[in-house]
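Subject: Structure handover

Hello,

Here is the structure I promised to pass on. Please open it alongside these notes.

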Amino acid sequence: MTESAAQRSDASARPEAPSAEQPLVSDDSAHTIAHLVESQARLGERIEDLGRVIARQAATIERLADDAKARAERDRTGADLPLIVELFALHGDTTACATTAESARERDAFAAIITRIERLIVGRGGSLVTPHADDAFDALTMEAADTTKTDDPELDRTVDSVLRTGLIVAGRSIRPAGVVVRRYQAPASGA
């Protein structure tokens, strides 16, 4: 049986189909692909490692920045503490002058100075403790200069009157407010 010339030219133009014995990819190509897959996996691991390193560094930088801010605040408060204490003393003196002023005009002038001093204290990191009558007594920011009796159990351990303003700087009580505290005492029964 002989093939015709047309069939032979057709057969030579078509690529030969791989047989079961002939692989689709050569051994060199398979080795190259395996090497690329392995390299890609290692690259992925390195990228993940780098991501963890960057995340740790970012957390460290953030922590250092927070520490620096806190240290600066402490330093600023520490440096201003003597000034705040002096301003607080001036506040007390001015308040005393205002209460003993002989005219409304003098009282108004002292009140204006008191307001300015309070702003300076707050601006430097301090805060004034000014309890009011009937506030609950707070041993952290108040000092019981005296006590008075009350027959109302609801008023036990509350402020009766304020003797002097207190001062807090950076969350620490520098000078507690002086107050008169009510203490409950049951009324004596008539026997």
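Below is what was found, going from the whole chain to single residues.

First, the ground rules. This is a predicted model, with residues numbered from 1 along each chain as its sequence is written. Local features need pLDDT of at least 70, side-chain atom pairs count only at pLDDT 80 or more, totals for chains, interfaces and linings use all residues, and side-chain values use heavy atoms, with hydrogens and water left out.

**Overall**

The protein has 3 helices and 6 strands. Helices (H or I, at least four residues) and strands (E, at least two) are DSSP runs, numbered from the N terminus. Along the sequence the pattern reads α-α-α-β-β-β-β-β-β. Of the 191 residues, 16% count as buried. Buried means under 20% relative accessible area, exposed means over 50%, and partly exposed lies in between (1.4 Å probe, protein chains only). The protein exposes about 14400 Å², by the Shrake-Rupley method with a 1.4 Å probe. Carbon and sulfur atoms supply 55% of that area. Among contacts (heavy atoms within 4.5 Å) between residues at least 6 apart in sequence, 64% join residues at least 24 apart.

**The sheet**

Three strands form an open sheet in the order E2-E6-E3, with mixed pairing. Strands pair if DSSP finds at least two bridges between them. E2 and E3 are the edges, each with a single partner strand, so one side of each has no neighbour in the sheet. Neighbouring strands are turned by 25° against each other on average, direction ignored. The axes behind that angle are lines fitted to C-alpha atoms, for helices over the stretch in contact, and angles run from 0 to 180 degrees between N-to-C directions.

E2 (residues 142–150) runs parallel to E6, joined by 8 bridges. Thr 150 stands opposite Tyr 184 there. E3 (residues 159–164) pairs with E6 in the antiparallel sense over 4 bridges. Val 162 has Val 179 of E6 as its bridge partner. Arg 164 has Gly 178 of E6.

**Salt bridges**

The whole structure holds 7 salt bridges. The criterion is a side-chain nitrogen of Lys or Arg within 4 Å of a carboxyl oxygen of Asp or Glu. Three of them are worth a look in your viewer.

- Asp 134 and Arg 182: the closest N and O atoms are 2.7 Å apart. The pair links distant parts of the chain, from the loop between E1 and E2 to strand E6, 48 residues apart. Asp 134 is partly exposed at 47%, whereas Arg 182 is buried at 11%.
- Arg 164 and Glu 143: the N to O distance is 2.5 Å. This pair links strand E3 to strand E2, 21 residues apart. Both ends are partly exposed, Arg 164 at 25% and Glu 143 at 36%.
- Asp 156 and Arg 183: the N to O distance is 3.8 Å. Asp 156 lies in the loop between E2 and E3 and Arg 183 in E6, so the pair ties together parts 27 residues apart in sequence. Asp 156 is partly exposed at 28%, and Arg 183 is partly exposed at 36%.

There is also a network of salt bridges linking Asp 134, Asp 160 and Arg 182.

**Single residues**

His 91 sits in helix H2 (residues 27–100). His 91 is buried, at 5% relative accessibility. Not counting residues up to four places away in sequence, His 91 touches Ile 114, Ile 117, Glu 118, Ile 121, Leu 128 and Thr 165.

Thr 141 lies in the loop between E1 (126–129) and E2. Thr 141 is buried at 14%. Beyond four places in sequence, Thr 141 touches residues including Val 129, Ile 168 and Pro 176. The Thr 141 side chain also makes a polar contact with the Asp 138 side chain at 3.1 Å. A polar contact is a pair of N or O atoms within 3.5 Å; within protein, one must be able to donate a hydrogen and the other to accept it, and residues adjacent in sequence count only if both atoms are side-chain atoms.

Two residues are exposed. Glu 154, in the loop between E2 and E3, reaches 69%. Ala 188, in the segment after E6, reaches 78%.

Best wishes
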